[in-house]
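Colleague: I have a new model open and would like to go through it with you. Could you take me from the overall fold to the side-chain contacts?

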Amino acid sequence: MNPTLYHAPEKDLTSGSFWDELAQVPGTIGSRLPTLDRSLDAYFDRHFAAIVEEWDLVTGSDLRNLETRLERVSGEITRLYEGKMALESRAQELDRLISSLERSK
């Protein structure tokens with residue numbers, strides 16, 4: 001059974017102003033009632049930069065910078081370790097040559 005609209009016969013169910021307004025009532029009521037979530041969201045939106053600074057929070061760009069630094073430091077450590085191993089090898093070879101020279105005298 002279709003409802004009969006008496007005041008606006010040219011409108012159907014999907015474009016009827018009464019039905020449109022009725023469908024919007026829960027959203028309208030919900031947007032006007034204060035809630036803790038909305039209050040907290042509004043507070044964080046207004047004070048976000050200060051909160052990040054005060055609590056010393058890490059942002060996405062901070063993480064990217066730290067990752068870049070970690071990659072550079074890891075590469076430097078690898079390069080230094082390789083240099084250390086080369087120096088130890090050279091030192092052992094020099095020690096062997098010195099020992100052989102001392103025995104030959």
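Modeller: The chain has three helices and zero strands, where helices (H or I, at least four residues) and strands (E, at least two) are DSSP runs numbered from the N terminus. From the N terminus on, the elements run α-α-α. This is a predicted model, in which local features need pLDDT of at least 70 and side-chain atom pairs count only at pLDDT 80 or more, while totals for chains, interfaces and linings use all residues. Residues are numbered from 1 along each chain as its sequence is written, and side-chain values use heavy atoms, with hydrogens and water left out.

Colleague: What share of the residues count as buried?

Modeller: Of the 105 residues of the chain, 3% count as buried, where buried means under 20% relative accessible area, exposed means over 50% and partly exposed lies in between, using a 1.4 Å probe and protein chains only. The accessible surface comes to about 10000 Å², of which 59% belongs to carbon and sulfur atoms; such areas come from the Shrake-Rupley method with a 1.4 Å probe, and for residues only the protein chains shown count as cover.

Colleague: Where is the kink in H2 centred?

Modeller: The kink in H2 is centred on His47 and comes to about 75°, the bend at a residue being the angle between axes fitted to the seven residues ending there and the seven starting there. Helix H2 covers residues 36-54, and although it has 19 residues, its end C-alpha atoms are only 23 Å apart, short of the 27 Å that a straight helix would reach at 1.5 Å a residue. That expected span is 1.5 Å times one less than the number of residues. Just after H2, Asp56 takes a positive phi of about 55°.

Colleague: And how many aromatic pairs are there?

Modeller: The structure holds one aromatic pair. Tyr43 and Phe44 form this edge-to-face pair, 5.8 Å centre to centre with 70° between the planes; rings of Phe, Tyr and Trp (its six-membered ring) pair if their centres lie within 6.5 Å, and planes under 30 degrees apart count as stacked, over 60 as edge-to-face and the rest as tilted. Tyr43 is partly exposed at 40% relative accessibility, and Phe44 is partly exposed at 33%.

Colleague: Which residues make the nonpolar surface patch?

Modeller: Leu36, Leu40, Tyr43, Phe44, Trp55 and Leu57 make a nonpolar surface patch of about 610 Å². Patches are made of residues with over 30% relative accessible area and no salt bridge, with like charges joined within 9 Å and nonpolar side chains (Val, Leu, Ile, Met, Phe, Trp, Tyr) within 5 Å. Leu57 lies in the loop between H2 and H3 and is partly exposed at 39% relative accessibility.

Colleague: Changing topic, how many salt bridges does a search of the whole structure find?

Modeller: The search finds three, a salt bridge being a side-chain nitrogen of Lys or Arg within 4 Å of a carboxyl oxygen of Asp or Glu. Arg79 pairs with Glu76, the closest N and O atoms being 2.6 Å apart, and both lie in helix H3 (residues 60-104), three residues apart, about one turn of the helix. Glu88 pairs with Lys84, with 3.8 Å between the closest N and O atoms; these two residues also lie in helix H3, four residues apart.

Colleague: What about Arg96 and Glu93?

Modeller: Their side chains meet in a salt bridge at 2.3 Å, N to O. Because Arg96 and Glu93 are three residues apart in helix H3, about one helical turn separates them. Arg96 is partly exposed at 46% relative accessibility, and Glu93 is partly exposed at 35%.
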